[in-house]
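Thanks for coming. I have one structure to show, and I will keep to what can be computed from it.

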Amino acid sequence: MDKKIIVIGAGLCGTLLALRLAQRGHKVTIYERRQDMRTAQISAGRSINLALSDRGLKGLRLVGLENQVNDLVIPMEGRMIHPMQGDKSYVRYSGRTGEWINSVSRGGLNILLLNEAEKTGLIDIHFNMECQDIDFDGGKITLTDLGTKTAVVDSADVIFGTDGANSAVRNGMMAQSPRLRFDFSQKYLDTGYKELEIPPAEDGSFRLEHHALHIWPRAGFMMIALPNLDGSFTVTLFMPFEGEKSFSNLQKDDEILSFFEEQFPTAYAQMPDLLADYRSNPSSSLGTIKCYPWQVNGKFLLMGDAAHAVVPFYGQGMNASFEDVVVLDGLMDEYGDNWPEILSRYQAVRKVDTDAIADLAQDNFYEMRDGTADPVFLLKRKLELHLEQTNPNYFSKYSMVTFREDLPYHIAMTKGRQQDQILMDFASKVTDVNQVNYDELSKMLV
Ligand SMILES: Cc1cc2nc3c(=O)[nH]c(=O)nc-3n(C[C@H](O)[C@H](O)[C@H](O)COP(=O)(O)OP(=O)(O)OC[C@H]3O[C@@H](n4cnc5c(N)ncnc54)[C@H](O)[C@@H]3O)c2cc1C
């Protein structure tokens, strides 16, 4: 227990990890590039939220925060789909009762974790410290103190890189890739995203149904909205960077307004600050990063987005990063303070699952954007819900990924894809769920 541990990055994964390490009796130093978000206004006052589901909740349960997080979430039991024509429709996420996902404030959750980390008395958090360079053989890191612009060198027995999708620790591994045989791939989508807002109504209430994740699927682009505790919704427009309907083509005020009015009428009516938000918020890129190995010399380990950044369409990036901590914790139970063994076993067991969620998240982009507007897909969802209501052993792919914290992602992917093929085939041959022979279907799904 007298080992010194450094965690680089006090985002969602790094703070949960540090908290767990401290609960196990380790002394931890965290270095974080940003200012302390508890005292600094980081996102210009905008609420950014994330979908928190069972795998993430398992991580929070591990550190005893499952109840406290309840004060920060709004349960979303289904998707509210706003088609181009016709009435909106509501599709539950699960046919089982008691299964939903949660909208949670990214900042609120990070602050809860930072506060709990500090309460342990075993964690020193240094903000405004940017990791610049890694000496893998010497076990040292070099940081810049962004306040004083001076260089700081530190070393530890174990050093975790939880510094997000643009990880400096990973870049250090890349720089030594021939020696480490470090594999790296990065795949951008041609679609980017822009965050917008539906503010609360004048009386503070929600302007849309708030126990749902709203989706406006359109051919080639889409918009979603998740509720915040203050009565607002964070709205995210996903759209190609180039092409006919694209960020680069939507520049003039009148074009922006008429685009939203025409494409998203039910949201447009509720977005009084649309133009200002559209102009001031960036259009950001989305991509998948895979790399390997994650550990070097039994001393350095990448976790969270630094190891596996995924596109956000399964709402699993944070959940997977929290699950990383659960997996590592299990290995600490098994191997005690044998860190080289823990680190090498961790990467060996975890990689197949984070690859799976990365692939599933890419698939779900097309499902959310195009599938939720496709009548065969909607019929298939109804079949799945019926099966979940009537058969306790049936779990859709979405349910396996989102609600089965006991099931590794790679099994959810393989089984879920097989089920999807069978169900899409059935759904394409009928016009109503009542025409389906459920006995025949259930036999095929076993
Ligand atoms: C648009 C969008 C929507 C998303 N929606 C969801 C969702 O609904 N559900 C879900 O589960 N996930 C979602 N995600 C993914 C989720 O945000 C990430 O998976 C999660 O934040 C990963 O946590 P992390 O701690 O690994 O990285 P981060 O949260 O990015 O934290 C990394 C930390 O490291 C710090 N840092 C970076 N570089 C350095 C450095 N050189 N030195 C020191 N510190 C450094 C950063 O300042 C930051 O605090 C979404 C992502 C996006 C982009």
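First, the ground rules. This is a predicted model, where local features need pLDDT of at least 70, side-chain atom pairs count only at pLDDT 80 or more, and totals for chains, interfaces and linings use all residues. Residues are numbered from 1 along each chain as its sequence is written, and side-chain values use heavy atoms, with hydrogens and water left out.

Now the ligand. How many residues surround the ligand? There are 30, where near means that a heavy atom of the residue lies within 4 Å. The closest are Glu-32, Arg-34, Ala-51, Arg-106 and Asp-305. By class, the shell has 13 nonpolar, ten polar and seven charged residues. In that count, Ala, Val, Leu, Ile, Met, Phe, Trp, Tyr, Cys and Pro are nonpolar, Asp, Glu, Lys and Arg are charged, and the others, Gly among them, are polar.

Helix H1 (12-23), strand S3 (49-52), strand S9 (129-135) and helix H10 (317-335) each supply at least two residues of the shell. H10 gives the most, with four.

On individual distances, a side-chain N or O atom of Glu-32 is 2.6 Å from an oxygen atom of the ligand. Met-318 comes in through its backbone, with an N or O atom 2.9 Å from a ligand oxygen. A polar backbone atom of Arg-33 is 3.1 Å from a ligand nitrogen. The protein covers 88% of the 1,000 Å² of accessible area that the ligand has on its own; areas come from the Shrake-Rupley method with a 1.4 Å probe, and for residues only the protein chains shown count as cover.

Next, the hairpin. Strands S10 (residues 140-145) and S11 (residues 150-155) run antiparallel and are joined by six bridges; strands pair if DSSP finds at least two bridges between them. Asp-145 stands opposite Thr-150 in S11. Four residues lie between the strands, and Lys-149 takes a positive phi near 60°.

Buried means under 20% relative accessible area, exposed over 50%, and partly exposed in between, with a 1.4 Å probe and protein chains only. Contact means heavy atoms within 4.5 Å.

Val-325 sits in H10 and is buried, at 1%. Leaving aside neighbours within four places in sequence, Val-325 contacts Cys-13, Leu-16, Leu-17, Arg-20, Leu-62 and Met-303.

Gln-419 is in helix H14 (residues 409-428) and is buried at 4%.

Last, the backbone. Most residues other than glycine have a negative phi, and most peptide bonds are trans. Tyr-292 and Pro-293 are joined by a cis peptide bond, with omega about 0°. Asn-128 has a positive phi near 60° and is partly exposed, at 29%. Arg-181 has a positive phi of about 50° and is exposed, at 66%.

Conventions: Polar contact = N/O pair within 3.5 Å; in protein donor to acceptor, adjacent residues only side chain to side chain.
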